[in-house]
Amino acid sequence: MKILSIAGARPNFMKISSLADAVKEHNAESSQRIDHVIVHTGQHYDEKMSDLFFRELGIPEPDINLGVGSGSHAVQTAEIMKRFEPVLLEHRPDYLVVVGDVNSTIACALVAAKLGVKVAHVEAGLRSFDRSMPEEINRILTDAISDVLFTSEPSGEANLIKEGVAAEKIHFVGNVMIDTLLKHLPRAEEKSRILEELDLKDERGRARPYGVVTLHRPSNVDNPKVLRSVIASLNAVSQQLPLVFPVHPRAKANMGSMGISLAPTIRTTDPLGYLDFLKLLANSRLVLTDSGGIQEETTILGVPCLTMRENTERPVTVEQGSNRLVGNDPEAIPREALLAMGHEKKTSTKPELWDGLAGRRIVRILLEL
Ligand code: UD1
């Protein structure tokens, strides 16, 4: 069997890592070899947004890099499609595997569907029901043209069935990103020196109380009024709990051009690698984010998470985890932060099948099909 998988933007890399591990494991144990070709679209290209993740997670070097870089949605999506088509024609895999909801996901899925190559979508069925989010459009379209839909939580299957997807195409396999987290957490705790580097340890070597911020959604960072308000809320929270903020390039550019500054109690860093970020999350008291994946990671780590969005496509993190939606409300953010700080750290919760084995289930099902 030959599969070709797509890695485009940062949140894809942890998911591809689980898949690559599962293929490697299968090939070590079985005579029925799987040929795995990895294509990087180049949507994310900075060393700290891309290469560092491949090295730290031991993902094989991409066989091909399309080098598309940044652009408007139309330009980026079209450029990926143009450059990917000849690659797919050359390799003709049995399955194209796409993960998540970024522009690279829909662009490559669309090319494959038109060429009659079967598409498998990992993390299918997630819905925020907010079509102003570019990712929601990518999710709906990718699922509509996929042949095999791998879901990570129960809401995924329910949403797909409502949209008319045949039940036999849907496979509940668990969460590949959590496979990667569970595999690398002990190594992150042992190897990463990020707490020392940021002076977050006390004299007895224990982590001082701090929170972590991430912010990159267009709905939060592209509008000056909203970004100013969100930063004012974070500045207020940081008076109670010092914050560490690894700044995404989109947020950095916008804060710069809008002249928005942070309180000195918010420590900024460049984007962090996987192991440093995981260690930072795992030892924090509170996380404030608008990321999708971090809502899931904090659920497993048992760290209170305030999601600065009106909705989530990952409801299991609110139902079972420690996630709360706070939008960009300047009153709710500091209030909920204060409440969350008063809580003891939860023991981690494991939604069904978030057990480290999702990648293996995917490989097994693709072989059976
Ligand atoms: C993309 C995904 C988003 C995901 C996020 C994670 C889409 C529609 N969005 O958003 O779902 O949560 O990645 O980071 O696919 N830039 C750099 N260096 C890089 C990459 C980007 O400087 O390596 C800058 C560029 O100025 C670029 C901007 O960041 O224009 C945005 O990058 P882009 O990939 O378009 O979207 P993200 O906001 O990163």
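Reader: Which parts does the pair of Glu123 and Lys15 tie together?

Author: Glu123 lies in strand E5 (residues 118-124) and Lys15 in helix H1, so the pair ties together parts that are 108 residues apart in sequence. Helices (H or I, at least four residues) and strands (E, at least two) are DSSP runs, numbered from the N terminus.

Reader: How many salt bridges does the structure hold?

Author: The structure holds 26.

Reader: What should I know about the model itself?

Author: This is a predicted model: local features need pLDDT of at least 70, side-chain atom pairs count only at pLDDT 80 or more, and totals for chains, interfaces and linings use all residues. Residues are numbered from 1 along each chain as its sequence is written, and side-chain values use heavy atoms, with hydrogens and water left out.

Reader: Domains next. What are the bounds?

Author: Domain 1 is 2-174 + 353-368 and domain 2 is 185-341. Those bounds come from an automatic or database domain assignment. The C-alpha centres of the two domains are 27 Å apart.

Reader: How many residues does the contact take from each domain?

Author: 21 residues from domain 1 and 21 residues from domain 2. Contact means heavy atoms within 4.5 Å.

Reader: How many salt bridges are found across the interface?

Author: The rule finds 4 between domain 1 and domain 2.

Reader: And which helices supply the domain 1 side?

Author: H1 (10-29), H2 (51-57) and H5 (134-144) each supply at least two residues of the side that touches domain 2. H2 gives the most, with 4 residues.

Reader: Switching to the ligand. How many residues surround it?

Author: 17 residues, the closest being His44, Asn103, Glu135, His216 and Arg250. A residue counts as near if one of its heavy atoms lies within 4 Å.

Reader: What does Glu135 do there?

Author: A polar side-chain atom of Glu135 lies 2.6 Å from an oxygen atom of the ligand. Glu135 also forms a salt bridge with Arg217, with the closest N and O atoms 2.9 Å apart.

Reader: And Arg250?

Author: An N or O atom in the Arg250 side chain is 2.7 Å from a ligand oxygen atom.

Note on methods: A salt bridge is a side-chain nitrogen of Lys or Arg within 4 Å of a carboxyl oxygen of Asp or Glu. A polar contact is a pair of N or O atoms within 3.5 Å; within protein, one must be able to donate a hydrogen and the other to accept it, and residues adjacent in sequence count only if both atoms are side-chain atoms.
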